[in-house]
Amino acid sequence: MAGQITQGALDAMFNDPDRAQQQFPVPILQCLQIKTLDSKNGGAGATERFRIVLSDLKNYVQCMMATQTNHLVHDGLLQRGCIVRLKQYQAQCLKGKNILIVLDLEVIQSLGCPEKMGDPQPLGSRSAEPAQNPNLGSTGFYGVKNEPTQDTKPQFPRQAPSRNTSAGQGSSTIYPIEGLSPFSHKWTIKARVTSKSDIKTWHKPSGEGKLFSVNFLDESGEIRATGFNDQVDQFYDLLQEGQVYYISTPCRVQLAKKQYSNLPNDYELTFERDTQIEKAEDQTSVPQVRFNFVNIQELQDVEKDATVDVIGVLKEVQEVTQIVAKNTQKPYDKRELTLVDNTGYSVRCTIWGKTATNFDAQPESIVALKGTKVSDFGGRSLSLLSSGTMAIDPDIPEAHHLKGWYDSSGRNNTFATHNNMQTLGGATGRKDDTKTISQVKEENLGTSEMPDYFSLKATVVFIKQDNFAYPGCRSEGCNKKVTDMLDGTWRCEKCQVSHDRPQYRYIMSINVNDHTGQLWLSCFDDTARIIMGKSADELMEMRENDETRLAAEFVQANCRKLNFSCRAKTDTFGEQQRVRYQVMSAAPLDYKMEGNKLNELINAYSQMGM
Amino acid sequence: MDGNSSTPRITCAYLNQYVGKLVTVVGKVVQLRGEEATIDADGTIHAFLNREAHLSANNGVQLIGKVNPDLSIKVLSSIDLGQGVDYNLANAVVEVTHRYKPLFLYEN
């Protein structure tokens, strides 16, 4: 009976596949052992997997049975000792250990189940255990995509950069991405393309060109790579998102230009003409996405404008809305989500563009976001960057953890928000930095791209009396200027309506002073009404009828000290650029509060020793 | 107002520094008895009121008057401040006045 066994087949199968095909097309082996694997968290729920030991009398090797062969064990056909015909298999070498994947197996029943024959030695390195479904540690990688073969391959444990016997890069060692620096001269990395940008072109007086960039990911980290001009033609079509490649020197490693990337690496790569890029045979040993989650409570310690990843339970989804960007007039689709997590905090997150319009996750699903920008609007809020990605119900430990928490207790929780977080200067969010006039001018508020908001405590010293109001449309919600048709009617172009008289609205310039200087502010209807104490219509009427009374009104309104909430921004007047200060709201002083504030200020000064 | 004198704001504790001088006091009316009043300004002060004084108990009051040798005040002018007086703030002002005397007081 021993003669039936194809001795030496195992050795050939692993070390000389061609010979194995010729000499042992259908190896006959003895099954020495059968063990059931309880699957832990290996993906597909409760799949039963069997591992067996097969021997060809010379060697033995550990094998994983493909699920389609499970029936042989269930039906009791495959037992310890019996002889099998291996009809289809795959030989793998995992971390130096040889593993056989059994795709199709037939039990030769006529030979029964003899005792272990011969004295088989382990094939290759001593392997005590086969590759089981390993525990994916929390620092491991997520979402390893199984290759679309007939069976599910065993999950590969986290591989240190090791020599791969698969085809492709033969001799050079694989570097981890974190190890790349300008000092490394010769290296190869094996990484997956997590995102690829479009080809961008630029035309400048200094020259023109095109570029594209990709983000590479491996177990150690991520790095951005850019190809210019010729390299765009060389590599753009070769590199596909989601695929794994070997990239080798020559390839430049430089300090990263952080403003173009959301990755934390200090360095970035630039492709050169001789850079080698090869698609990897083995697409599975590199992680797919790498998350570095910050939990929602920790967000309050994260600085504004930082980029983070978050994961949470989707509590609320708003409808898609469209907003038009003021500067570019382009419409943008946006959608707001509310996420909660097991720290008991909730946060609003905005998603844009296609991600927003195609969003279809249900509340209570788990949403993971990679690459969100933190802003201090409303305390803390998030915005998904265009380079960021979103995953719904991802198959990662954090997601399962959150799901479990939500199902048990989270659903009924009330969540704290960061809204009561004091941003600089007070509880009203961004509008509350109290400044003196000299500070406003010194700090050049309003000269940057974004408008600046501040509070000002100052006295009105002069109100400009010509053109303090404009005729406005009477329609509800419309404040557009109406044209005097000179026949007693006033026409609004926006509403296409005529009114018999306009509703005058203030557009007032006032000069205010404080102990440090003077400033011109412009007020709109609601603020000016507070200052004047009368509506614009009334004042216009006075202008028609009683000019002296009008003058008196202005005098009376003068010299009042108020708290102004202002916005400073730069406007272009033809060729000139000027900073204009607009009043968002004005309020009379609460003397007690102001007095106490001043007291504190004095105490602070004296503590500083002034 | 004279050009060369000042009427510093004080509380009870500073009375003995300003005997015979004109001072301003902000405090709460504790008791009213005809032309006499008891004022709480971080301590108890006796005030002898004049004809025009129309005070109400428990209201705030600002008095301007001269300090007598017995540390009572002869009131020359009074203003009723009503209910919403922040006495802590008022006292803080007094403290600051005395910490930064040159800013607030004329030194003769």
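Q: Buried area is the accessible area, found with a 1.4 Å probe, that two parts lose on being put together, summed over both. With that in hand, how much do chain B and chain A bury between them?

A: This is a predicted model, and in it the two chains bury about 640 Å² between them. Carbon and sulfur atoms account for 56% of that area.

Q: Which residues of chain B lose the most area to chain A?

A: Those are Leu89(B), Arg99(B) and Tyr100(B). Together they make up 55% of what the chain B side buries.

Q: And how many residues are in contact across the two chains?

A: On the chain B side there are 7, and they are in contact with 9 residues of chain A.

Q: How many salt bridges are there between chain B and chain A?

A: The count there is 0. For polar contacts, though, the count between the two chains is 4 residue pairs, with both residues at pLDDT 80 or more.

Q: Okay, tell me about chain B by itself. What is it built from?

A: Chain B has 6 strands and 2 helices. Reading from the N terminus, their order is β-β-β-β-β-β-α-α.

Q: How much of chain B is buried?

A: Of its 108 residues, 42% are buried. As for its surface, chain B exposes about 6,300 Å², with 51% supplied by carbon and sulfur atoms.

Q: What share of its contacts comes from residues 24 or more positions apart?

A: Taking the contacts in chain B with a separation of 6 or more, 55% are between residues 24 or more positions apart.

Q: Back to salt bridges. How many are there over all chains?

A: The count comes to 16. One of them joins the side chains of Lys87(A) and Glu106(A), at 3.1 Å from N to O.

Q: Where do those two sit in chain A?

A: Lys87(A) is in strand β4 (residues 83–94) and Glu106(A) is in strand β5 (residues 97–107), so the pair links parts of the chain 19 residues apart. Both count as partly exposed, with Lys87(A) at 43% relative accessibility and Glu106(A) at 29%.

Q: Which residues are linked with them in a network?

A: Arg85(A) is part of it: Arg85(A), Lys87(A) and Glu106(A) are linked in a network of salt bridges.

Q: What about Glu222(A), which residue does it form a salt bridge with?

A: Its partner is Lys370(A), and the closest N and O atoms are 3.3 Å apart. Glu222(A) lies in strand β11 (residues 222–228) and Lys370(A) in strand β20 (residues 366–375), so this bridge ties together parts of chain A that are 148 residues apart in sequence.

Q: Is Glu222(A) buried or exposed?

A: Glu222(A) counts as buried because its relative accessibility is 8%, and the cut-off for buried is under 20%. Lys370(A) is buried too, with a relative accessible area of 15%.

Q: Which residue meets Lys435(A) in a salt bridge?

A: That would be Glu443(A), at 3.1 Å from N to O. Lys435(A) is buried, at 15% relative accessibility, whereas Glu443(A) is partly exposed, at 40%.

Q: New topic! Which residues make the nonpolar surface patch of about 410 Å²?

A: The patch is made by Leu598(A), Leu601(A), Tyr605(A) and Met608(A). To pick one of them, Tyr605(A) is in helix α11 (residues 591–607) of chain A.

Q: Why does Tyr605(A) count as partly exposed?

A: Because its relative accessible area is 39%, which falls in the range between buried, under 20%, and exposed, over 50%.

Q: Where would I find Ser535(A)?

A: Look in the loop between α8 (525–532) and α9 (536–545) of chain A. Ser535(A) is buried, with a relative accessible area of 16%.

Q: What is Ser535(A) in contact with?

A: Leaving aside neighbours within four places in sequence, Ser535(A) is in contact with Tyr506(A) and Arg529(A).

Q: Last one: where is Glu538(A)?

A: Glu538(A) is in helix α9 of chain A, and it is partly exposed, at 39% relative accessible area. From Glu538(A) to Leu550(A) it is 12 residues in sequence and 9.7 Å in space, C-alpha to C-alpha.

Note on methods:
Residues numbered from 1 in each chain as written. Chains lettered and ligands numbered in written order. Predicted model: local features only at pLDDT ≥ 70, side-chain atom pairs only at ≥ 80, totals over all residues. Heavy atoms only, no water. Patch = residues over 30% accessible without salt bridge, like charges linked within 9 Å, V, L, I, M, F, W, Y side chains within 5 Å. Areas by Shrake-Rupley, 256 points an atom, 1.4 Å probe, with all protein chains shown as cover. Salt bridge = Lys/Arg side-chain N within 4 Å of Asp/Glu carboxyl O. Helix = DSSP H or I, 4+ residues; strand = E, 2+ residues; numbered from the N terminus. Buried < 20%, exposed > 50% of the residue type's maximum accessible area, 1.4 Å probe, protein only. Contact = heavy atoms within 4.5 Å. Polar contact = N/O pair within 3.5 Å; in protein donor to acceptor, adjacent residues only side chain to side chain.
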